[in-house]
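Here is a protein model to read with its labels in mind. Each label below is tested against its own rule.

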Amino acid sequence: MLSPEKAIPNSDYEPTGDTQEEFIDFEKLFSIARRQWLVVAVSVFVFLLFGIAYLLTAVPQFTATTSVLIDRGNSEILNQLANMGVQVDDDGAILSEVELFKSDTVGLAVVDKLNLLDNPVFMSAPPSLSRMIRSAVDFRRWFSDDGGGAVDQDLRRIKAATNVANNMDVERTGKSYALSISYTSTSPELAANIADSIANAYLLDKLNSKYDATRRASDWLQKRIDELRQKALDSDLAVQKFRSEHGLVAVSTNGSSLLLSDQQLTELNSALITAQSDTAKAQARYDRVKAIIDSGKTDAIVTDVLDSSISNDLRKKYLEASKFESELEARLGPDHIQAVRLRGEMAEYKRLMFEELNRIAESYQSELEVAQTREKSLADSVAHATGISSAANETQVQLRELERNADTYKNLYQTFLTRFQEATQQQSFPITESRIITKAQIPTRPSSPKKPLIIALAIFAGAAFGGGIGAYREFRDRFFRTGEQVRDELGMEYIGHVPLMSETELAPPPATSGSPRDLSDVSLATRYVVNHPLSAFAETLRSAKLAVDMANPGKRCKIIGIISSLPGEGKSTVSINFAQLLAMQGSRTLLVDGDLRNPGATRAIGRHAENGIIETLLDKKPIRDSVLVDSKTKLAFVAAVVKRRIPHSSDLLSSPLMANLLEEMSGFFDYIVIDLPPLGPVVDAKAVGPMLDASLAVIEWGHTSRRVVRSTFGSHPELIQKCLGVILNKVDTAKLKLYHSYGSGEYYYSRYSAYYHEA
């Protein structure tokens, strides 16, 4: 299948990710569901069989239900605690009642009342799957020794009470004080009798314990009252004694008590704040006058200057003289005698105005000094009063602690005394705070097993189990499946895929007689594009040829290397068919088997070759003696005849002899295709890399790990930079449709598959 985009080579190899990927890819989830639906379906079917088997073997169980209401309004002890300020947790109290239903006291009472030890239905537990499992894992039964004698009666009663508790269920009805008591048995009559007996035994136990609880509470209250009375007297006496010893005199102000030293300190603080404000105001006035005097401004405004008649007269005369001087200067010039005289008068007026301003400044300075003196005096008084108040406050801390203790004991004494009197009046007639509101009825329909629920749970469990297996299989699927994975994981162009060939296509070709220089195919797979020129395989290779031509438009002979990460990915088959396709289209093509250690192309089409590239390079034999030619497509092939181990194969491939050979062959051919060794095991392909014009990568679909490909490609950056794209080989087209996503080439494969003709 062809990629929808043109095969354009990447200049840099760098794996990239889809930064715009949505948070939830529904297309991908849908594809996963299509691939794993069979696993989920099988799991659901198996679990459904288990559920049906359970339903067929389970013994019907009947459940009878009774209801008990806990009347909180009649609970004397709880009311007493609540009135004393003790917070009662309703949820905790209800849960305690639930546990009381399940206690041994209630269970033994039911066993004795109904004589359950002699009831064969109760004592013979029905067989069930859960009971058999519990019996199997009860290791104590394996090592217990009954001794063959009769079981102790008390042990039988305890075991029967345990069975009652195990088959009983107690639930709270909503947020109410009603409890629903259910009992399950194989007998509907026995279930109803035991449910009613549990409720009655609970009420009887509550009634018997009521009197004891009330009596114990009264005794405790009496002892506590005597203790609190003595502590209240002692704490009040300690307060009065402490006041007398330390002379703590208090004054009453607006109904509150305040120490005399604290009151004086408060008044001094208020006076100090006022004095600080007056000092700041006087300082500001003095600074303003001082600034005017220093600047020599005649037009500056000060409040006392405006209020001074002398300053106003001088300013008025100054302004009149300035006005006349300006007029004379304009008419007669600045040197006229009258203008000079007026300027002298203006200077005199200015001097007099500043003398008046200095007088005002001296008065401001005097006020500032008085304010500062008063502030200092108040500050000293505050410091003195603070010291006295601090000493008193240290003592007052102890006084307040004593007063708090006295008030606490006094309040507790009054509260406990009142509650004791109320409890004494109420305990004479104790009643239970619970009652039965619904009696148990004999059930007419079994409560378990619930067939719809069991079936639904089996289906859900099967779907969950199958989904887990499917998710694990998807997680373990770390191979290349689509072109999008090639682009996302490798950052390389996806050229197309090669379908997996059938057994017929891999069969040996018919035997033919020909020249020893002809190619000898051992399988029809090596001539697939020749026999099927309109197949998807041939179209993928045409896309690869287009990529090579576009990447090297001006080069006469193009040297192309076919690479893979691991052996067995079908690289040699792709190399042979790619070279055959080039030759079919009229191009002079040479195929060279560059794998000197494991020559797959030679085994496929040149088993009978006597000489090859090794003899040409090492033994200096002419290349024409080693060339095999396909009689139909005129494809030339140079085999790799391995007659002995060559430990320095990478040196041989990167040698000048190899470079000269390729340069010589470039003059005779349009394309030279080299089947290179895999990148993972050996470094031979890296040695040929500088001589290549382009390379094509072959990856086996669904078998080669993405991590291995990234690792091997990343360790050969120079070779990968020349790689024009990736071809996925051995693709199972039936499974490929399960991996398509909307908009991808695989999604539209069914539309353009009509263009391919495999026959």
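Predicted model: local features only at pLDDT ≥ 70, side-chain atom pairs only at ≥ 80, totals over all residues.

Q: How many helices and strands does the protein have, and what makes a run count as one?
A: The protein has 27 helices and 14 strands. Helices are DSSP runs of H or I with at least four residues, strands are runs of E with at least two, and both are numbered from the N terminus.

Q: What share of the residues counts as buried, and what is the cut-off?
A: Of the 759 residues, 39% count as buried. Buried means under 20% relative accessible area, exposed means over 50%, and partly exposed is in between (1.4 Å probe, protein chains only).

Q: What share of the contacts with a separation of 6 or more comes from residues 24 or more positions apart?
A: Such residues account for 82% of those contacts. A contact means heavy atoms within 4.5 Å.

Q: Why is α4 called roughly perpendicular to α8?
A: Helix α4 (residues 104–114) and helix α8 (residues 153–166) pack at about 105°, with axes 8 Å apart. Axes are lines fitted to C-alpha atoms, for helices over the stretch in contact, and angles run from 0 to 180 degrees between N-to-C directions. Angles under 35 degrees count as roughly parallel, over 145 as roughly antiparallel, 65 to 115 as roughly perpendicular and the rest as oblique. The label for α4 and α8 is therefore roughly perpendicular.

Q: Which residues make the contact of α4 with α8?
A: Gly107, Leu108, Val111 and Asp112 of α4 meet Arg157, Ile158, Ala160, Ala161 and Val164 of α8. They divide into 6 nonpolar, 1 polar and 2 charged. Ala, Val, Leu, Ile, Met, Phe, Trp, Tyr, Cys and Pro count as nonpolar, Asp, Glu, Lys and Arg as charged, and the others, Gly among them, as polar. In α4, the buried residues include Gly107, Leu108 and Val111.

Q: What makes α17 and α18 roughly perpendicular?
A: Helix α17 (residues 536–551) and helix α18 (residues 571–584) pack at about 75°, with axes 10 Å apart. That angle is why the pair counts as roughly perpendicular. Residues from α17 including Phe537 and Leu541 meet residues from α18 including Phe578 and Leu581. The contact of α17 with α18 has 8 nonpolar, 1 polar and 2 charged residues.

Q: How many cavities of 30 Å³ or more are there, and what makes a space a cavity?
A: The count is 2. On a 1 Å grid over the protein atoms alone, a cavity is a set of points where a 1.4 Å probe fits but cannot get out; lining residues have an atom within 4 Å of a point. Grid points are joined across faces, edges and corners, and a volume is the space filled by probe spheres set on the points.

Q: What lines the largest cavity?
A: The largest cavity, of about 50 Å³, is lined by Leu590, Val592, Ile613, Ile623, Val638, Met658, Leu661, Leu662 and Met665. The lining has 9 nonpolar, no polar and no charged residues. Helix α22 gives the most, with 4 residues.

Q: What lines the second largest cavity?
A: About 30 Å³ of space lies there. The lining includes Ile614, Glu615 and Lys643, and it divides into 4 nonpolar, no polar and 3 charged residues.

Q: Where is the cis peptide bond?
A: It joins serine 448 and proline 449, with omega about 0°. Proline 449 is in the loop between β6 (434–438) and α14 (451–476).

Notes
Residues numbered from 1 in each chain as written. Heavy atoms only, no water. 1 Å grid on protein atoms, 1.4 Å probe; cavity = no way out; pocket = protein on both sides within 12 Å on 5 of 7 lines; lining within 4 Å.
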